[in-house]
Amino acid sequence: HVTQNKENKIVTIDAENVAGFVPEKPGVIRMLSSKGKWTLIKHENNQLLVEYVLKADPAGTLPFWITNLFDTKGPFETFKNLRKQLQKHLIQWLCL
């Protein structure tokens with residue numbers, strides 16, 4: 001869900017997992033719930049501040065090395081993909 005405040009132009013993207021969207025696979029731990037929020041704030045010189053918050057609850061018991069991998073790799077991949085999407089739509093948003 002994407003919204004934009006008309007006065008300050010801040011864009012907020014809210015995302016929540018959808019149960020059953022991806023079929024279950026035997027032996028694969030499922031994410032029971034996750035909720036993400038991105039806040040995009042336009043600054044001077046067309047710079048952009050992006051804040052990302054994620055709350056997630058994996059099903060099952062996971063070793064710390066796996067959760068640590070997600071903690072470091074997950075945000076990097078998320079921002080990389082967000083950058084691709086912003087390149088498609090950001091110029092339009094910055095010019096508002």
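Guide: Ground rules before the tour: two strands pair if DSSP finds at least two bridges between them. Helices (H or I, at least four residues) and strands (E, at least two) are DSSP runs, numbered from the N terminus. This is a predicted model, so local features need pLDDT of at least 70 and side-chain atom pairs count only at pLDDT 80 or more, while totals for chains, interfaces and linings use all residues. Residues are numbered from 1 along each chain as its sequence is written, and side-chain values use heavy atoms, with hydrogens and water left out.

Visitor: Over how many bridges do β2 and β3 pair?

Guide: β2 covers residues 11-16 and β3 covers residues 31-42. Going along the pair, V11 stands opposite L40, T12 opposite T39, and I13 has W38 as its bridge partner. The two strands run in the antiparallel sense, and the count is 6 bridges.

Visitor: And which residue in β4 is the bridge partner of T39?

Guide: β3 and β4 pair in the antiparallel sense too, over 11 bridges. Their hairpin has 5 residues between the strands, and N45 there takes a positive phi near 55°. As for T39, its partner in β4 is E51.

Visitor: In the hairpin of β1 and β2, which residue takes a positive phi?

Guide: Those strands run antiparallel and are joined by 3 bridges, with Q4 partnered by V11. In the loop between them you'll find N5, whose side chain reaches the backbone nitrogen of N8 at 3.0 Å. The hairpin has 6 residues between the strands, and the one with a positive phi, near 65°, is K9.

Visitor: Which residues make up the largest nonpolar core?

Guide: A nonpolar core is a set of buried Ala, Val, Leu, Ile, Met, Phe, Trp, Tyr and Cys residues joined through side-chain atoms within 4.5 Å, and buried means under 20% relative accessible area, exposed over 50%, partly exposed in between (1.4 Å probe, protein chains only). The largest has 6 residues: V11, I13, W38, L40, L82 and L86. β2, β3 and α1 each supply at least two residues of this core.

Visitor: What is L82 in contact with, its neighbours within four places in sequence aside?

Guide: Contact means heavy atoms within 4.5 Å. L82 belongs to that core along with L86. Its contacts are I13, W38 and V50.

Visitor: Which side chains meet in a salt bridge?

Guide: A salt bridge is a side-chain nitrogen of Lys or Arg within 4 Å of a carboxyl oxygen of Asp or Glu, and a search of the whole structure finds 1. Both partners lie in helix α1 (residues 64-94), 3 residues apart, about one turn of the helix. The distance is 3.5 Å, N to O, and the pair is E77 and K80.

Technical notes. A polar contact is a pair of N or O atoms within 3.5 Å; within protein, one must be able to donate a hydrogen and the other to accept it, and residues adjacent in sequence count only if both atoms are side-chain atoms.
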